[in-house]
Amino acid sequence: MNTLRLSSFNGGGNRRTVVTVDGVRVGEDFVVIAGPCSVESEEQTIITARKVKEAGANMLRGGAFKPRTSPYDFQGLGLQGLKILEKAKRETGLPIVTEVTDPRDVSWVSEYADVLQIGTRNMQNFSLLQEVGKVKRPVLLKRGMHSTLKEWLHCAEYILAAGNPDVILCERGIRTFETYTRNTLDLSIVPCIKEVSHLPVIVDPSHGTGRLSIIEPMSLAAMAAGAHGIIVEVHYNPCEALCDKEQAMPPELFAGMMRKLQVLHSCMKQINGGNGSRSSAGIPVIHDQPIMGSILLNSGGRL
Ligand code: PEP
Ligand code: MN
């Protein structure tokens, strides 16, 4: 039985989904979401928002509800944080991506968020998935840090089955034996997702690596792997960040990375021959060829 009824490529009518957020089309071109890990103050968020906008970001990220490993760490500003994000949107025009952690908060947080983020720790919080499935807001579904592709797509399925067609997947690194990086960024999942699903897939190189020095190469690699975008943590003053300071990009580095992404973007267009499915030499580009009725879909839906 095909248990990925709505998230598989066939389930999407053999067409790729494009999720439109205030005119930004996720799934069509390369989208950059940037901003602080958490909203800490009006000054921090608005200055950072202006800088990422100047550098060419398409959306602003920022957590008002922070699911922290320790209960004693900064947990986010809640409603006050959402109001700051609203102000940052008014100033910059950037749509807001922000996390929701509790099913009871979904409907009122949707009044501030343009995209509702489900974090890695909540990927399999099924009541939360059902709740975001009921609202008219796109959902950014992060991959659980211990989850397989199949488990992840089944979580997307919960949201789709509840009535919300606008799901964006986000690879953010998985736990492996490696300790040099915070997580192991599984870029191979990007072409795998594109083989079996119509949903857009973006990459989070910040949580995926936890190391400032490798965010740029991994962002470029994400684009080369065919991702539909990235979500990156940028802070106007990383040394003072209340959350994830080791991976916070200062705005100047972010702007430099954006310039390199532009260059690579032109190369990718040439490689894909402009239509996204063939190289200019006429060689099929594997990662843009969905596999119908793949092994994944024939394996009975067991996890
Ligand atoms: C985040 O993006 O703010 C975040 C907490 O990410 P993750 O859920 O991937 O750890
Ligand atoms: Mn973070």
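A polar contact is a pair of N or O atoms within 3.5 Å; within protein, one must be able to donate a hydrogen and the other to accept it, and residues adjacent in sequence count only if both atoms are side-chain atoms. The structure is a predicted model, in which local features need pLDDT of at least 70 and side-chain atom pairs count only at pLDDT 80 or more, while totals for chains, interfaces and linings use all residues. Residues are numbered from 1 along each chain as its sequence is written, chains are lettered from A and ligands numbered from 1 in the order in which they are written, and side-chain values use heavy atoms, with hydrogens and water left out.

A backbone N or O atom of T120 lies 2.9 Å from an oxygen atom of ligand 1. Side chains also take part: a polar side-chain atom of Q117 lies 2.9 Å from an oxygen atom of the ligand, and one of K142 lies 2.8 Å from an oxygen atom of ligand 1.

Helix packing was examined next. Helices are DSSP runs (H or I, at least four residues) numbered from the N terminus. Axes are lines fitted to C-alpha atoms over the stretch in contact, and angles run from 0 to 180 degrees between N-to-C directions. Helix α1 (residues 42-55) packs against helix α9 (residues 251-271) at an angle of about 20°, with the axes 9 Å apart. The two helices are therefore roughly parallel, a term for angles under 35 degrees. Their contact (heavy atoms within 4.5 Å) involves K51, V52 and A55 of α1 and P251, F254, A255 and M258 of α9. By class, this contact has six nonpolar, no polar and one charged residues; Ala, Val, Leu, Ile, Met, Phe, Trp, Tyr, Cys and Pro count as nonpolar, Asp, Glu, Lys and Arg as charged, and the others, Gly among them, as polar.

Helix α1 also packs against helix α2 (residues 79-92), at about 35° and with the axes 9 Å apart. E42, T45, I46, A49, R50 and K53 of α1 meet I84, L85, K87, A88, E91 and T92 of α2. These residues divide into five nonpolar, two polar and five charged.

The axes of helix α5 (residues 149-161) and helix α6 (residues 189-196) come within 11 Å and cross at roughly 55°. L149, W152 and L153 in α5 meet I189, C192, I193 and V196 in α6. The contact of α5 with α6 comprises seven nonpolar, no polar and no charged residues.

How values were computed: Parallel < 35°, antiparallel > 145°, perpendicular 65-115°, else oblique.
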